Amino acid sequence: PVTIAALDAQYQLHSGQLIIYDQVFKERRKRIFAQCGRNWGKSVSDAKITASFACLNPGSHCYIILPEKTQAKEIFWDSGLLIGMIPEKYIKKNKANVKSDIKSELRIWLTNGSFIKLLGADDPDSLRGIKPHFCAYDEYRDFRQDVYWSMEANLIGKGATLLIGSTPPVVLGHYSELRDYMMGEVQKGNQQYFYLELPTETNPHISREDLANVKRRLVAHGQLRVWEREYMAKFIPGGASSVFPMFAEKKE
């Protein structure tokens, strides 16, 4: 049987990523929105959580969706990130996982009947008709505007868990509308929803000196808002100075 210990032996999440992990597996939230700074580790978190869900829930259909399929292939497949999160003994050894097939399909079958598949939001036809048990949207700010609501019907078919991760965008739009909706549900006490903001600095693997240098260069060029948005994970549309501290986790 699949064990959490065996999965954790593949990769240890940092404390910020563990917050999201716990919302999926301990709190059983169904809609999770994580607004994080660049290089915080969103893709790593998506890979780990998706792999764990597939391994721990036999027969589950799991998807990781990026703005473009080429991104999904580059970030999760060619890098070995996704397959590296799965103990080898849990990966199905038959023609369903012949390398030439899984490379074109970007799908990994597991011994428990689950699979993980990578898709791109730039190809709506590839999203039509899928019925996930778990779905992760990586870098949601760059998704096509119609993806979320067109996918919503797919998600309710099997009561899917949805994890959304992104660095905030520059302007108001479909991203801010969904973010505001989810924040509103959290404020109402809807236990199905969870929202948090975490800056890049909560990733212990990122050099604090390098971050300080980036901030200094951006400020020197009049780009403080870029720093706040890209690295502090603040959503500041139109240059307005606003943040929602009630949703930000306490810094360590």
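Is Tyr148 buried or exposed? Tyr148 is buried, with a relative accessible area of 2%; buried means under 20% relative accessible area, exposed means over 50%, and partly exposed lies in between (1.4 Å probe, protein chains only). This is a predicted model, in which local features need pLDDT of at least 70 and side-chain atom pairs count only at pLDDT 80 or more, while totals for chains, interfaces and linings use all residues. Residues are numbered from 1 along each chain as its sequence is written, and side-chain values use heavy atoms, with hydrogens and water left out.

- Let's start with β1, which spans residues 31-36 and has 6 of its 6 residues buried; helices (H or I, at least four residues) and strands (E, at least two) are DSSP runs, numbered from the N terminus.
- Arg31, Phe33 and Gln35 point one way from β1, while Ile32, Ala34 and Cys36 point the other way.
- β1 pairs with β6 (residues 161-166) in the parallel sense over 5 bridges, where pairing asks for at least two DSSP bridges between two strands.
- Within that pairing, look for Gln35 opposite Ser166 in β6.
- β1 also runs parallel to β7 (residues 193-198), joined to that strand by 6 bridges.
- Here Phe33 stands opposite Tyr195 in β7.

**Helix α7**

- In α7 (residues 147-156), the buried residues are Val147, Tyr148, Met151, Glu152, Asn154 and Leu155.
- The elements covering these buried residues include β1, β2 (61-66), α6 (124-127), β5 (134-138), β6 and α8 (174-187), with contact meaning heavy atoms within 4.5 Å.

**Aromatic rings**

- A search of the whole structure finds 15 aromatic pairs; rings of Phe, Tyr and Trp (its six-membered ring) pair if their centres lie within 6.5 Å, and planes under 30 degrees apart count as stacked, over 60 as edge-to-face and the rest as tilted.
- One of them is the tilted pair of Tyr137 and Phe143, at 5.2 Å centre to centre with 40 degrees between the planes.
- Both Tyr137 and Phe143 are buried.
- Tyr148 and Trp149 make an edge-to-face pair, with 4.7 Å between centres and 90 degrees between the planes.
- Trp149 is exposed, with a relative accessible area of 58%, whereas Tyr148 is buried.
- One aromatic cluster brings together Phe33, Tyr137, Tyr140, Phe143, Tyr175, Tyr195 and Phe235.

**A charge over a ring**

- Arg107 lies over the face of Phe115, at 4.5 Å from the ring centre; this label needs NZ of Lys or CZ of Arg within 6 Å of the ring centre and within 35 degrees of the ring normal.
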